[in-house]
Structures are given as structure tokens and as C-alpha cells.
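Please find below some notes for a colleague who will look at this structure in detail. They are set out as numbered points, each of which can be read against the coordinates.

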Amino acid sequence: MFRQTKAALQKLRYLSFNGQQHTWRLKSTSAKERALQYQPGQKIHGFTVREVAAVPDLFLTAVKLTHDKTGAQYVHAARDDSNNLFSVQFRTTPMDSTGVPHILEHTVLCGSEKYPCRDPFFKMLNRSLSTFMNAFTASDYTMYPFSTQNGKDFQNLLSVYLDAVFFPCLREQDFWQEGWRLENETPTDPNSPLVFKGVVFNEMKGVFSDNERVYAQHLQNKLYPDNTYSVVSGGEPLAIPDLTWEQLKQFHTTHYHPSNARFFTYGDLPLEQHLKQIEEEALSKFERINPNTEVPSQPHWSRPREDHVTCSPDALAPDPARQNTLCVSYLLGDITDTFEGFTLGLLSSLMISGPNSPFYKALIEPKIGTDFSSVVGYDGSTKEASFSIGLQGMAEEDTERVKQIISQTIDDIIENGFEEERIEALLHKIEIQMKHQSTNFGLSLASYIASSWNHDGDPVELLQISDCVAKFRQALKENPHFLQDQVKHYLKDNTHRLTLSMSPDEAYMEKQAKAEEEKLQKKIKALSDSDRKEIYDKGLELLAAQSKTQDASCLPALKVSDIEPTIPITPVQISTAGGIPVQYCEQPTNGLVYFRAMCSLNTLPEDLKLYVPLFCSVITQMGCGALDYRQQAQQMDLRTGGMSVSTQVITDSTHLDMYEQGVLLFSSCLERNLPYMFQLWSDIFNSTHFDEVERLRVLVMMAAQELANGISDSGHMYAMARACRYLTPAGDLSETFGGMEQVKFMKRIAEMSDLSQVIRALARIKKHLLNPDNMRCAINTTPQKMSDTSAQLESFLKDIAENRKERKTVRTTIVERPLDLLDVSGPSRKLISELNFQPCQMKTFFQLPFPVNFVSESIRTVPFSHEDYASLCILARMMTAKFLHGEIREKGGAYGGGARMGGGLFCFYSYRDPNSTQTLSAFHKGVDWAKSGQFTQQDIDEAKLSVFSAVDSPVAPAHKGMGRFLSGVTDEMKQNHRAQLFAVSHKSLVEVAERYLGVGQRTCGIAILGPENETIKKDPSWIVK
Ligand SMILES: [Zn+2]
């Protein structure tokens, strides 16, 4: 389970309004119609209805209520979407950096009055069909959301969530485990040294190993030095040990109270039932208090400020001499002013998004830095918003130049304003986002309204997006300088601005470690002998508690019989257009057309493979046909919902040594723009401007920086990719495309002074890939639009036909699979077959400047169609929940860990782990545990529920039929797999554990990413990179 802190949440800032819409089902009985019948003033289960508003833009009805006795606030969004969501948020405004709201977020999930078992939250993951469960600590609120498609499940989860937040046990032991504690390094050995331990303590060390987060945190703290934003809500690692258990409980009493709570529900389940349950199980037991949690406004500075911070050097930075960050941040107005927020958000996009924006032209294109600073643009997550602009990956001597450019660009914007077409392109984007349907609409909505509502802004007003668009158009009409005036007011004339620079310090890690050591020694010095004895005893107690068999019977649970036995069939039609196979899938896409093309890599020479990811990331951004890259970006914004290309490596469902390799083209557009979208693709196919060297250099630099930044966040993915590398041919190719090898390759390219060789490689790739001979297409759109789309597709394919050229496949062993199993002579997919592939064992260690490890071990097992596959899926889930979670997270102190099954490979992993090789032992103990069969039918059923909640997670209309299109997995095959999942038994689990996970030296791979490691260095069986 992943719990995010503010820094991670920030990345969700640009939320889109995506969701499932069943417009074809609109009847008078629909949820949004029913909700319109509530009347302001109406009393329901202790609540009073305050407002009822239709929100046609988002196909929902919003109902605002307050709880009479406590003042708790409530918003219900009734919408015909079965993926119902609940969320409760509290305003949590700490004034120190002990991480009290974050530690509280963790500990309330450790057991409550009605559900006193340990960790009910994690246990519910296995007793429910939830589509989402999580908890977030932001800078000024803490939020607990879940979603599910099952009504009974909703009630169960609601009961657990309410009890957790309002009546948690908050045991001292929970505080030690989740927060911080002093403990013997080896808890069973009283003579081993005392060290700091604790989940949040380690989590925050991991978070701040990411320089982007370090910078973001400093910037916020320093821009708002006088209120809650001046502290680290997630916890400063060295301040965390100052928090006491008493303070934690006190914070709960004052902050987790209904009078300080905001409830949000979403979906097609009836509101009354939610209100009744919330009133009966929680709110009726409280009296109103004055929570006193308002955030005072930040007093405005009369003059701008400058500051400087340091960070650890980044070993993976494209250019080691250019590792500075500089950014200017401006304090804006209150986020509760909805229209102002909307305008400033748009303005921010106009200033920084895409190659046509003034800051992109002024800062990115001269290549002074590798990318914009990690914090950039409008940020409405604090009570008063901010706007930031700057660069990362720049040289120290460019500091003054960058400041000068920023101020000059602002002057230029005030002088020249923006092109009308760019404003239209942005408004078009908003239109698409409102129509595009994703599966987590409820969650997007909850996050979208959270910040403003948290400071008593009007959440319903926030949803009326068309009103804002209309008001915006009106404002522009009345005053053509409207936007320029805003820039002058909020940026140029604003004296509350901070210029913050960051530079690497070679001794940074050392200093951090030393500070931690000093803190530790200070704590230890204060201990008496009896304190030490107590610490030892408590450590043993915790270990005993963690090792005890757990009774979760107090928790509500769905049964395996609550799971639908069959899946609905998604009909698709396979036919051809211009001789190319096409899959058509009719879906309620709300007026959008989704286009995909899979282009095979089979003719591509081996030496070009490493370049394919770069090809994918630049091919839609170089300019094409008569358009230069700026015009192309503009057309894409004006006419499409985005155009992208990505690599695909798909292991065959019947054989692990067979796979399909390709790149996937994806784009969407409103129906009216279909000809424009295909014209753009034609231009890309026929004439991409690869010769734009300077443009390429900018894109390479940004791609390399992004890859390097991603490792500390996704280290487990890189570890897994490496561990899988030598086990299957597909694993090998996946590493080439998306593993550490690719990161290093991109770093090399970013350092090249001459890119002509790269340009030649990209142009050669294009000839092989964008070739109609190697393609198949898929279209998802409404039935009404299908025949028109098909005609447009046909003419597009005619347009690119001159690229058609028979090329020899590089490998001789190609296997063809019919796209339609009933028509074996029809169109087919071409797979590579490497039946003489020899898996081999390899242990790889990547030394990186992180304080924590990412560990993975991977084992080659069986393909999807094999009868043991289902048992391995259930086993991975069960081992994670019943064994590995306890060993790796609870005892080991890692942020997370477990096992997963995919592509025929059984992968163990840990995430932000203080241990390295010990975690490998934990994996092996997990295997022994599985082989011993010491698990119950209940454990198996829980794992099944958990696996099915993933298998049955909602699929958006844009993605329906994709399993079949990409992997050739039909609904019949899925149904067959489903039956096998239901049939998994105790016996089959023990059998697969013995058969595949036991010994078998040649079929497993290991990889660790982490800090310098003496044990591994001394062990010659490791390859150290
Ligand atoms: Zn956390």
C-alpha cells in the first residue's frame, strides 16, 4: 500500500476531470436525476440539505449538507457511475516538523475500538473488492478515500474507515512501529547498538533522498514562513524523534473531530444510506467543538527575498557540472476565490506549457538547464496559491542570467500578451478533459475540491467549470489586456517573491548521517540502565506482537461467492482497411474517438533497439510536414486530446520464450477533428523533421533528466526489471527499453556533443516502424461514428502507403497468431520465438546515492495459459499479505514489499528498504512458509478477493478490448483464467510453491539498487555496477 505525502500529491496537481459516464443509460431513475429531488432545508439522518445543484458539465448532481449537531460538512456527487467513492478529510495544520499528522495518518489505521485487530486497513485490502484504498497527508489536510463497485463492500469499508479515524486505539506500540523508536539493531540481542527505527521515519528519509522533493519542501517552507506551511507535515527525519505518544493522541483529539471534518461521497449508491451509517456509527457520538484549525494568511513581504539550500550530488545527472536549481516563486491570492484560481491556472499553462509558451522559449530552448525546476507553474494546494518558474540542471554561473531571463520574459508577456489561438487550444483541452472518461472520476473529484474546500471555499462552485470558462471569455472581451494585467499584478509588481537556489554539496550525505548520529547519541546519553532494559523489552514485545498469528475475524468481509462468476463480453469486430488489420470496438465514448496502431519491431536491426524509447518520446514533437515543432504542438492542442508513442514488449500467453515487440501509437480527438488528427499522423509518418538538431537536443536533455529523477521514486520497478532481465527474451528487451540500461544510455546521449549519429538512428527506426506493412490498428468510438471513422482511417492508410516497403525480419523464427481465433486464415500478429533461449542466474547491484535500498528477486515460472498460472497469482497475493508485509514492512522497516506475478515471472520486491541482503532472506523464508502450507482457507479466500478486485477493476471505454488487441487475450481466455482462479486450493498453492519457487539456480535473477554495500562488495557472486 502506498501512502503519499504532500510532495507526491503535488504531482497530482494537474488533475483532469475524467470519469466513467454511462450516458446511454440516462433514465428518469438515474442517480443524478434522483438527487435533484432533494430540497434545501430538508433534514436527513441528522443532516440538513444546504444546496442542490445540477452540474451538467460533469454529468452529476451535487448535494451540499451540514451535520446539525457537530457542524461536519458533507458533499455528495450523484452520478451514474458504479465506481462509488467515499472520502473523509480533516484540516491538519501542524506547527512543527515532527510529522505528527503523517504519523497519525499511519497509526489510526493500526486498529480501532470496533476493529481492534492489528492493521485493519491492510487487512481490508484482502477482504473487499475495493478499487482504491489509501490515505494521504497533505500540507494542511489528511484524507482517507476508498472506492468500490459493490454496495455491500461500500458499507463494510465505510464502517472500518469511520471507526479508524474517529475511534482509533492509538496504542503506544502502534506509535513505535509507525512513527519512531529506539531499538536494538538486532532486537533479540541486548548488546547490539541502539538505532532509530519506524515506518514514517524511514519513509521520510526515502522521500528526502529525492532532490526534487528536497527542493519543493524548502521552497514551500520559505515562501510561507509564518504559518503551517513553514513546517514539514510529513516529518523532517531528524525532528520526528522529538514527537511523543502523548502529543500524537492530543493531535488526534483536536483535529480528528467531526467539527473539523469534510465528508465526500460519489457515485450511484443512494445518499440516505451513507448519511444514516455515518450518523449512527460516528457523528451521533460527538458534540460540537471549535477546532481552531484555520490557517492564517501569510503576511506579505514588502521586498523580495533570496535564499540558498544544498542537496546531495546526483550520480545520474546528465552533466555533473550542471546540477543547480533556481526558481522564483510568487505568493498569489486565496484559493477560495474560484474564478481567480481558474484564471491563474490557465495563465500558468499559457506561460509554461509546451514549446509555444514564452517561458519554454526563453528558458528551456537556450538549454541553460535540463528542464524546468521540480516546482513549476500554478500551485493551488496551499491556502494562498503560488506561481513558480525556474530551471534545474543548470550551472552555477548561469544564476544571474536565469534571473534576468525570468524578469525579462515577464516584461515581454505584459507587453505582448498571448496569441488567441493558444487560448483557444487551452479551452479545447478543458472541453476534452470534461468529456474523456476514466475510471477514477470520483477520486479525481475528491482531490480536485479538497484544497479549496479545506479552507471553506465553495466546492460546488468549483465544479461549475463552464461558468468559469464563460466568465473568462467575458473578462477577455471586456478587457483584451485582462491576462497581461494579471501578470503585472501577480508577478511583476509582487514583492512577496522568493528566489531559491539549490546546489549539490559533496558532503551532503555525510552531514545528514552525522546529524542523525548526533541526534541518536543525544537520545542514548539520556538513557538510564533501566531505560535501556525497557527499550530491549519493548523491542521484544513488538517483535512478538508482529510475529503473532493475527485474528482478523472482527473485520467485515465479502465472500468469494460475492464475486461475479463470469465477466461481461466486450464485442469487437476484426476487419481490414487498406489491407491493414483493424479492430473496431463500439463504446459510449461521449463523442471522442480513440485511435491506436501497433507497429512491429520485427524488422528492426539489433543495434537500433536502445534508441527506440528515445524515438517514441520525440517522434510527435519534432515538427512534421509543413509544420515546425511549435505549429505541430499547437495543432495537437487545438485538434486532439494528445498523441503519444510508447514501447510494447508482450510475453506470449502460451510460451515464455515467445513475445511480441513493437511500439504503440495512441491518440484521441473529438469526432469533428478526426480528419485533422489523421493528417497529423500522416505528416509524422511521411516527414518528421529529424534534422532539427537543436530541438532534439532539448528533448534528449529533458528525457534524460526525467529518467534520472524517476529512479528514487520507482527504484523497485528498476530492480524488478533488472532481476527479470536474464529470465525470458521479453524480460531482456524490457530492460533494454525501460531499465537501468536505458537510464545510462540516455545519460550518454545527453552528454554527446554531436547528435548526428543519433539522428541517423532515429531516421532509420522510422523507416522500419512507421511502415504500413508492420501495422495493425484499433478504434474505440460510438456506434454512430464508427463508419465515418473507418472511412477516415482508410484514407489515412492510403496516405502513408508509399512508406510500405517489404523488409526482412531480423530473426528467422517468427510465429503468426490469427487476430480472430475463428478465422485462422485472416489477419495475424507476428511473434518472435526464441525457443533455445537459456535463462541464467545473475545478481546485480547498482550503487546509487540513496539512503535506502530497492531489492528484487525474480523467478521464471509459467505463461498465462498454463494451469498453474492462477495458483501463482493467488500465491503472490497471499504471501504479500500474510507473510512478506509483516517481514519486510513491519519487522524490516521498509516502506513496502511483496510479491507479484506477471509475464510468467514471479517477482519479489521491497521498496525504500533499510535492509538489502536480509530482505533476500525474507523472500526465501516466504517460500518456506508457502511450502509448509501454514495458511488457512480464510487466507486463500482473502487472496482471491484481492486478486479479483484487480481483475475486475473498472475499464474505461477508451481501453475496452485492449487486452485482446495488444496481447491476443480474448474474453474466453480471460473467463477460463477466471475459472482457474476460483478453483485454486490449498493443495495447488503448496504444489506451485514447491514446483517453481524452491531451488532452481538458473531460473532466478536478483537485483538491488542502493547505497554502498560492504557485504555485496566482498561477495564475488555479485556484479556491482
Ligand atoms: Zn506515509
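1. How many bridges join β14 to strand β18 (residues 497-504), and do the two run parallel or antiparallel? Six bridges join this pair, and the two strands run antiparallel; within the pairing, T325 has M502 of β18 as its bridge partner. The model is a predicted one, and the points that follow should be read with that in mind.

2. Strand β14 also pairs with β17, to which it is joined by eight bridges in an antiparallel arrangement, and here D334 stands opposite E384 of β17. Of the 11 residues of β14 (residues 324-334), nine are buried, so the strand is largely enclosed by the rest of the structure.

3. For orientation within the chain, E397 and P851 lie 454 residues apart in sequence, and their C-alpha atoms are separated by 30 Å.

4. For helix α31 (residues 937-951) and helix α33 (residues 971-983), the axes come within 10 Å and cross at roughly 165°; because angles over 145 degrees count as roughly antiparallel, that is how α31 and α33 are described. The crossing of α31 with α33 is left-handed. On the α31 side the contact is made by K944, V947, F948 and V951, and on the α33 side by R978, L981, F982 and A983. Sorted by class, this contact of α31 with α33 has six nonpolar and two charged residues, with no polar ones.

5. The second contact of α31 is with helix α29 (residues 869-891), where the axes come within 9 Å and cross at roughly 110°. This angle falls in the range from 65 to 115 degrees, so α29 and α31 are roughly perpendicular to each other, and their crossing is right-handed. From α29, the residues C873, I874, R877, M878 and K882 meet D939, I940, E942, A943, K944, S946 and V947 of α31. The residues of the contact of α29 with α31 divide into six nonpolar, one polar and five charged. K944 and V947 of α31 are listed both in the contact with α33 and in the contact with α29.

6. An open sheet of six strands has the order β29-β30-β28-β31-β27-β32, with mixed pairing. At its edges stand β29 (896-902) and β32 (1023-1024), each with a single partner strand, so one side of each is left without a neighbour in the sheet. For β29 the partner is strand β30 (residues 905-913), to which it is joined by seven bridges, the two running antiparallel; among the paired residues, G896 has Y911 of β30 as its bridge partner.

7. Two backbone angles are worth checking, given that most residues other than glycine have a negative phi. F59, which is not a glycine, has a positive phi near 55°, and F59 is placed in the loop between β3 (47-55) and β4 (60-67). L170, likewise not a glycine, has a positive phi of about 50° and is found in the loop between α5 (151-166) and α6 (172-178). Although L170 belongs to a loop, its relative accessibility is 6%, and L170 therefore counts as buried.

Methods. Residues are numbered from 1 along each chain as its sequence is written. This is a predicted model: local features need pLDDT of at least 70, side-chain atom pairs count only at pLDDT 80 or more; totals for chains, interfaces and linings use all residues. Side-chain values use heavy atoms; hydrogens and water are left out. Axes are lines fitted to C-alpha atoms, for helices over the stretch in contact, and angles run from 0 to 180 degrees between N-to-C directions. Helices (H or I, at least four residues) and strands (E, at least two) are DSSP runs, numbered from the N terminus. Angles under 35 degrees count as roughly parallel, over 145 as roughly antiparallel, 65 to 115 as roughly perpendicular and the rest as oblique. A crossing is left-handed if the near helix is turned anticlockwise from the far one by less than a right angle, and right-handed if clockwise. Contact means heavy atoms within 4.5 Å. Ala, Val, Leu, Ile, Met, Phe, Trp, Tyr, Cys and Pro count as nonpolar, Asp, Glu, Lys and Arg as charged, and the others, Gly among them, as polar. Buried means under 20% relative accessible area, exposed over 50%, partly exposed in between (1.4 Å probe, protein chains only). Two strands pair if DSSP finds at least two bridges between them.
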